[in-house]
Amino acid sequence: MGLAKRIIPCLDVTAGRVVKGVNFVGLRDAGDPIEIARRYDEQGADELTFLDITASSDERDIILHIIEEVANQVFIPLTVGGGVRSVDDVRRLLNAGADKVGINTAAVTNPQLVADAASRFGSQCIVVAIDAKQVSAEGEPLLWHVFTHGGRKDTGLDAVEWAKKMESLGAGEILLTSMDRDGTKIGFNLDLTRAVSDAVSVPVIASGGVGNLDHLVDGVKKGHADAVLAASIFHYGEFTVRQAKEHMARNLIEVRL
Amino acid sequence: MADIAVIDYGMGNLRSVSKALEHVAPQLDIVVSSDPDVIAKAGRVVFPGVGAMPDCMHELESRGLRQAVIEAAKAKPFLGICLGMQALFESSEEGDSAGLGILPGRVLRFPAEAMVDEKGQKLKVPHIGWNEVHQSADHPMWSGIPEAARFYFVHSYYVEAGDPDLVAGFTLYPFAFTAAVARDNIFAVQFHPEKSQATGLTMLANFVMWDGQARSNICGADVCL
């Protein structure tokens, strides 16, 4: 027995509430972040990820208070992302109690930020989040591009090459979201997940599209993901984290039970 | 005089360590400090850390904390965590830097060519996540923690102890590496007890109670120590 595959519930937070949308739009309230974080911790979540999806910068401090409060009560790793643009943003989140910080759009507009943050705080706390979408037509060789700004802007960058570049700049992990799947409940984009996971030597967290527990199994077995992230299947009480882990264990995936 | 001093040398998230200690010992005075005097007077010392070894050694020097760590490691219950374990040894491959040399041994990077599991699957570095810790020596710090309990790891380098008797616990990835070391009043771990949920909190509670003796206070076959 060795390293367990991780299950990571994801909490999208805005204005102090957990919400969930479909394809990055159409938000639905899911509850209080501190309460939800505690529930997932009790259910055996391996880590928690918080994404601050607040649009306006004057509401950014809300997430800091939430992280402080969660870190006082929940003793598992916490990753926080969303709107991180500077080394100072990273520092503020780490000081509030985050163990890792996710960098997404800013990694594209300013790749040096990934290098600077990794050298200042260590690669282990820098997660580069990649939102990718298939751009190849049917019958063509598979190709995925990196999208930014909540999935609205095609950067033209090849997602697999981008992941390798982020690793070389010091990313300790890749959080890979198949963004045409996000909120759709039809499962991870397994070709994309496997292509990225096989191309890098750092762990890859698969995200986007989980609708049932078999999707989590597929993400690990077929997508070669080191960790799987999901939101809505846990938020609305369809499944507990423990049920997800038991299902993975039944499928011979090593998990922490 | 603080009950527990968490050494602050500017590396990583020390808040999580102090918060977890406060959680298991709300009655104690726990301080995060970079003052050698506070560290010298504290009843127990925690030496945490994440980040890179060369930065760690540089920060210890520039803050005048090198000697404070060495002194604390001589006398009182002392817990090293992650980089705070690696720094106790003689040298590290990371940035080819010297360590504090308190314990014999060196720190090596997981070798790329060895990172394959028994099914031929690539193993990722950093080693991130929950892995099993096998207890290779009796120690009060393991009290109430089952053999092969899972702790949270995040690291790319590991300790190769110069003396096998130092090893108190090991983990497989894919080979056995040092997960915990113990000598006299020193206990140090590669994983993060402060991030290892209930199991990790049990270990921190053990540290708060530990008298700094390496022997286990368990009744053996003949006699209660």
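Modeller: Buried area is the accessible area that two parts lose on being put together, summed over both. Keep in mind that this is a predicted model.

Colleague: What is the area buried between chain B and chain A?

Modeller: About 2,800 Å². Carbon and sulfur atoms give 49% of that area.

Colleague: How many residues of each chain are in contact?

Modeller: 31 of chain B and 43 of chain A.

Colleague: Why is the pair B:Lys195 and A:Asp99 called a salt bridge?

Modeller: Their side chains meet at 2.8 Å, N to O. The cut-off for a Lys nitrogen and an Asp carboxyl oxygen is 4 Å, so the pair qualifies.

Colleague: Which elements of chain B supply the side that touches chain A?

Modeller: α1 (14-24), β8 (127-135), β9 (149-155) and α6 (197-209) each supply at least two residues. β8(B) gives the most, with 6 residues. By class, that side of chain B has 11 nonpolar, 11 polar and 9 charged residues.

Colleague: What lines the second largest pocket?

Modeller: 29 residues line this pocket. Nearest its centre lie A:Leu3, A:Lys5, B:Asp117, B:Lys119 and B:Leu123. In chain A, α7 (190-199) and α8 (213-221) each supply at least two lining residues. The lining has 14 nonpolar, 4 polar and 11 charged residues.

Colleague: How much space lies in the second largest pocket?

Modeller: About 790 Å³.

How values were computed:
Residues are numbered from 1 along each chain as its sequence is written. Chains are lettered from A and ligands numbered from 1 in the order in which they are written. This is a predicted model: local features need pLDDT of at least 70, side-chain atom pairs count only at pLDDT 80 or more; totals for chains, interfaces and linings use all residues. Side-chain values use heavy atoms; hydrogens and water are left out. Contact means heavy atoms within 4.5 Å. Buried area is the accessible area (1.4 Å probe) that two parts lose on being put together, summed over both. Helices (H or I, at least four residues) and strands (E, at least two) are DSSP runs, numbered from the N terminus. Ala, Val, Leu, Ile, Met, Phe, Trp, Tyr, Cys and Pro count as nonpolar, Asp, Glu, Lys and Arg as charged, and the others, Gly among them, as polar. On a 1 Å grid over the protein atoms alone, a cavity is a set of points where a 1.4 Å probe fits but cannot get out, and a pocket is an open set with protein on both sides within 12 Å along at least five of seven lines; lining residues have an atom within 4 Å of a point. Grid points are joined across faces, edges and corners, and a volume is the space filled by probe spheres set on the points.
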